[in-house]
Amino acid sequence: MCTSGRSFSRRGPGLRLRLTLLSTGLVAVVSGLLLWLGWVLVGNVVAAVPQLPDGTVVRVHGVDVPAPLLGEALRDSARQQVLLIGGGAFVAVVLAAALLAWTVTGRVLRPLHEVTATARRLSAESLDERIALSGPRDEVARLADTFDEMLDRLQAAFDSQRRFVANASHELRTPLSVIRTELEVTLSDPDADEAELRRMAEVVREATARAERLVEALLLLARTEGVELAVREPVDLAEVVGRARRAVEPEVRQRGLRVECSGEPAFAVGDPALLERVAGNLLENAVRHNADGGWVRISIGSDPRWTTLRVASSGPRIPPEQVESLFEPFRRAGVERTARSGAGLGLSIVQAATKAHHGRVSAEALPTGGLAVTIQLPAAP
């Protein structure tokens with residue numbers, strides 16, 4: 001027998017039917033217990049009739065009953081009446097309970113149907129729809145509010161992802177356009193000499209290197225965001241910063257920057273390679289977005305709970321309201337596009353890596369110009 005790719009499992013009766021059956025069953029049990037108690041009590045009460053003299057005959061329902069058997073006859077008759085009338089009442093009560101339970105559970109579960117209907121209508125293009133359930137703030141209302149909050153987070157994540165993809169596409173298109181233009185211009189010139197070919201090769205090499213840096217940064221960001229660390233070990237931030245500082249030393253000398261570093265060895269728990277990339281990104285940003293002849297101050301500290309790394313640098317003035325946006329991909333101080341010297345993902349990678357270490361990151365614009373970024377990582381015991 002051929003079956004479709006989508007399989008359906010039997011889930012049993014729905015919640016409304018289960019609640020109706022449960023409440024009806026409880027009513028039936030209680031009613032049956034009351035009917036049985038009434039049957040027992042009526043029989044015992046009626047059976048306790050006064051004793052009549054021997055030889056006395058009493059007519060019960062048209063039947064002559066001797067006096068010694070009067071109590072038993074009255075008991076059987078009373079119990080029969082209880083079963084007859086009580087049985088009808090039992091059936092009526094159970095049916096009424098079932099109807100009432102079905103109606104009430106339908107009204108109670110109506111908000112859940114609204115949640116389900118909204119979830120079915122949602123797609124990537126309609127994440128702005130909300131339930132906005134009104135009425136008493138009971139458990140169902142709290143469920144609807146939680147669902148709305150989840151939609152808010154999903155919409156923010158989708159919007160951020162769209163912006164990220166658009167910016168990444170734009171950044172990758174730029175070096176590819178440069179490569180294509182250089183190749184087309186050079187190939188269309190039949191008199192291109194060796195010097196022209198070398199110039200074209202230099203431009204293509206620079207554009208290719210830029211695209212390669214961007215792709216590596218995108219891959220690192222994708223591997224870092226929302227994942228658990230595969231390696232956790234004590235890492236000396238002072239040693240990590242020292243290696244990152246040596247990597248930017250040529251550019252520091254070229255731009256005449258003053259670099260000051262303070263702090264003793266401070267150990268954090270994390271991935272050594274990832275923390276070295278964090279320190280490298282902070283120092284690269286501090287150097288590249290600095291002013292010629294400016295300064296960079298690095299401070300490292302620790303307490304029983306946190307190990308802190310702070311990198312402050314001079315540079316252009318940054319409006320305080322733009323500081324948080326600097327952690328978004330492809331953004332830098334004052335402009336949306338990244339500088340030619342970087343991929344525009346440095347602080348985004350720093351933030352993602354810090355969160356992967358269960359740490360905290362913050363930034364502040366300095367009054368004299370420039371930026372200070374502080375990361376706090378769990379301290380090693």
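Q: How many of the 11 residues of helix 7 are buried?
A: In this predicted model, helix 7 spans residues 346-356 and is largely enclosed by the rest of the structure. The buried set includes Gly346, Leu347, Ser348 and Ile349, and also Ala352, Ala353 and Ala356. The number of buried residues in helix 7 is nine.

Q: Which residue just after helix 7 takes a positive phi?
A: Helix 7 covers residues 346-356. Just after helix 7, a phi of about 60° is found at His358.

Q: Is Thr374 buried or exposed, and at what relative accessible area?
A: Thr374 is placed in strand 9, residues 371-378. Leaving aside neighbours within four places in sequence, Thr374 is in contact with Thr308, Leu309, Arg310, Arg360, Val361 and Ser362. A residue counts as buried under 20% relative accessible area, so Thr374 is buried, with a value of 17%.

Q: Which element supplies the largest share of the largest nonpolar core?
A: The largest nonpolar core has 35 residues, and Leu282, Leu309, Val311 and Leu371 touch the most other members. At least two residues of this core come from each of helix 5, helix 6, strand 6, strand 7, helix 7 and strand 9. The largest share, eight residues, is supplied by helix 6.

Q: Which residues does Val311 touch, not counting those up to four places away in sequence?
A: Val311 is one of the residues that touch the most other members of the largest nonpolar core. Strand 7, residues 306-313, is one of the elements that supply at least two residues of this core. The residues touched by Val311 are Leu282, Leu283, Ala286, Val296, Arg297, Ile298, Leu371, Ala372 and Val373.

Q: What is the closest N to O separation in the salt bridge of Arg205 with Glu202?
A: Arg205 and Glu202 are three residues apart in helix 4, so about one helical turn separates them. Arg205 is exposed at a relative accessible area of 55%, whereas Glu202 is partly exposed at 45%. The closest N and O atoms of this salt bridge are apart by 2.6 Å.

Q: Where in the structure do Arg198 and Glu194 lie?
A: The side chains of Arg198 and Glu194 meet in a salt bridge, at 3.3 Å from N to O. Both residues are exposed. They are four residues apart, about one turn, and both lie in helix 4.

Q: How many residues apart are Glu260 and Arg297?
A: Glu260 and Arg297 form a salt bridge whose closest N and O atoms are 3.4 Å apart. This pair links distant parts of the chain, with Glu260 in strand 4 and Arg297 in strand 6, the separation being 37 residues.

Q: What is the distance of Arg360 from the ring centre of Trp306?
A: Arg79 lies over the face of Trp39, at 4.0 Å from the ring centre. Arg360 likewise lies over the face of Trp306, and its distance from the ring centre is 4.2 Å.

Q: How far apart are the end C-alpha atoms of residues 82-104?
A: An unreviewed UniProt entry lists residues 21-42 and 82-104 under "transmembrane region". In the model, residues 21-42 are 100% helix and 0% strand. The span 82-104 is also 100% helix and 0% strand, and its end C-alpha atoms lie apart by 31 Å.

Notes
Residues are numbered from 1 along each chain as its sequence is written. This is a predicted model: local features need pLDDT of at least 70, side-chain atom pairs count only at pLDDT 80 or more; totals for chains, interfaces and linings use all residues. Side-chain values use heavy atoms; hydrogens and water are left out. Buried means under 20% relative accessible area, exposed over 50%, partly exposed in between (1.4 Å probe, protein chains only). A charge sits over a ring if NZ of Lys or CZ of Arg is within 6 Å of the ring centre and within 35 degrees of the ring normal. Contact means heavy atoms within 4.5 Å. UniProt positions are given in the numbering used here, feature names are shortened, and annotations may be inferred rather than shown by experiment. A nonpolar core is a set of buried Ala, Val, Leu, Ile, Met, Phe, Trp, Tyr and Cys residues joined through side-chain atoms within 4.5 Å. A salt bridge is a side-chain nitrogen of Lys or Arg within 4 Å of a carboxyl oxygen of Asp or Glu.
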